[in-house]
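This briefing concerns a pocket, a helix and the surroundings of a ligand. Please consult the sequence and structure shown here while reading.

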Amino acid sequence: MTSKRIVIVGGGAGGLALASKLGRSLGLKGEADICLIDRNPIHIWKPKLHELAVGVIDQSVEGVFYRDHGLKNGYRYQRGELEQCDPDAKTIQLAAMYNEQNELLLPPRTLQYDLLVLAVGGISNSFNTPGAEKHCIFLDSLNSAELFHRRLLDGLMLLNDSHQRLSIGIVGAGATGVELSAELHHVIESVREYGYQNISKHHLDIHLIEAAPKILPQLPDKVSGRAQAVLDRIGVRLHLGVQVKEVTQSGFVTQDGTLIKADLKVWAAGIKGPKVFADLTKLPINGRNQVEVDACMRVKGHNDIYAIGDCASLIMDNGQPVPPRAQAASQMAATLYQNILARLKDGAEKPFHYRDYGSLVSLSRFSAVGNLMGNLRSGDFFIEGHIARFMYNSLYQRHLASLFGWFSALVYRLAQKLLRWQRPKLKLH
Ligand SMILES: Cc1cc2nc3c(=O)[nH]c(=O)nc-3n(C[C@H](O)[C@H](O)[C@H](O)COP(=O)(O)OP(=O)(O)OC[C@H]3O[C@@H](n4cnc5c(N)ncnc54)[C@H](O)[C@@H]3O)c2cc1C
């Protein structure tokens, strides 16, 4: 019997966890050929993107290199960007690749699959706001986090030399916007020890703009109230109940015509499927560019294609879609792993059931807050401070465990901590 070719596109929270599990149980034994495609050579867990953007973590320490990881975990890695999918021919097409001088490195490639898993994540949704695409950085990919980092360093240099003020505007006070605001404040407090003598927190204006009447609108009032108290204390300027109608070079124009000035503009509101999905005309793509899947995560009408994570639209029994969150992507990966094993043995696949374990928000060194959904009692309960920080860190630890196994994940984390201890606390290059 020839071994099945299982192609996974997207090595993020869901795709990399799935490739690792399938690789270890099938790939290493030669029982299936597991191929992971990603457009980047390194995996960074997306909830850490804002830390990368401000420079409190470094991708050379936190990143997982697919090629090396694949070698040890039984999957093949190919760098490439999904461009097209032909379910009739059971092929996907990867875009041509160019170097920095725009010279062709690789022509478009076609790959054959027996089973295909789409796990390419999502992107921020500007809701067609004029000027947003042109002027904002969308903090939704490794490239965008690196771009923000470079712009921030430019801003800090100007600030230090010219004594001007730096103004950063962030649209969307969900977890990304709130966490980014707190990290930025922490960075500005810390740069003096690295020679930026002329910079103090009074030189930085952070504007956090949210259409809902409170920050963290999806979370219970107590969580958003505590987070808001921290942001107020550190001087983040909140614009609540404010809708942005246009973005210009100067800043954000709100519904009532006010201009909120910003040198650096970030869009961190809303989420939709990737642009490339609009071109996948043979698959059922919804109005938010997500591919529609059934309860077992099979793309509707296509028995050999699955989709997980933010790029998939799975409607739960209560009529609500599975939320675009890391915990959902990793739970989907775990269920799909079991389903693929069952399918290869002609067993029955099980429907996916999302379990909300709660939400945690890190406010840099200032605090952490969140709510946990009760195993211990019904309903949810509020946590903050060290316990919330511990739980927040343990989410990352769980993610690493799904990539390496528990023991190796602990060793990996320890090695990361040692490296971070030995290196600068801020990446300022
Ligand atoms: C700053 C930030 C903070 C967040 N914080 C939290 C949090 O605290 N808790 C939480 O639960 N969720 C959080 N989220 C959401 C969470 O990160 C996502 O829901 C989760 O990562 C989705 O996982 P995924 O596997 O679907 O996609 P992703 O993790 O986004 O991975 C997608 C992968 O696909 C690759 N890719 C994309 N397009 C292509 C293509 N065309 N071809 C090839 N490869 C491609 C990308 O390079 C990437 O590696 C946060 C998100 C952001 C941006």
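Predicted model: local features only at pLDDT ≥ 70, side-chain atom pairs only at ≥ 80, totals over all residues.

**Helix H10**
- Helix H10 covers residues 385–404.
- Buried residues of H10 include Ala388, Tyr392 and Tyr396.
- Towards the end of the helix, Gln397, His399, Leu400, Ala401, Ser402, Leu403 and Phe404 are also buried.

**Second largest pocket**
- The second largest pocket holds about 720 Å³ of space.
- Its lining consists of 28 residues, and Glu51, Val56, Ile57, Arg420 and Lys425 are those nearest the pocket centre.
- H10 supplies at least two residues of this lining, as do H7 (175–190) and H11 (406–422).
- By class, the lining residues of this pocket comprise 13 charged, eight nonpolar and seven polar.

**Ligand surroundings**
- The ligand is surrounded by 27 residues, of which Gly14, Asp38, Leu82, Asp310 and Ala326 are the closest.
- Aspartate 310 places a polar backbone atom 2.8 Å from an oxygen atom of the ligand.
- Arginine 325 has a backbone N or O atom 3.2 Å from a ligand oxygen atom.
- A polar backbone atom of arginine 39 lies 3.4 Å from a nitrogen atom of the ligand.

Note on methods:
Residues numbered from 1 in each chain as written. Heavy atoms only, no water. 1 Å grid on protein atoms, 1.4 Å probe; cavity = no way out; pocket = protein on both sides within 12 Å on 5 of 7 lines; lining within 4 Å. Points joined across faces, edges and corners; volume = space filled by probe spheres on them. Helix = DSSP H or I, 4+ residues; strand = E, 2+ residues; numbered from the N terminus. Nonpolar A, V, L, I, M, F, W, Y, C, P; charged D, E, K, R; others polar. Buried < 20%, exposed > 50% of the residue type's maximum accessible area, 1.4 Å probe, protein only. Near = heavy atom within 4 Å. Polar contact = N/O pair within 3.5 Å; in protein donor to acceptor, adjacent residues only side chain to side chain.
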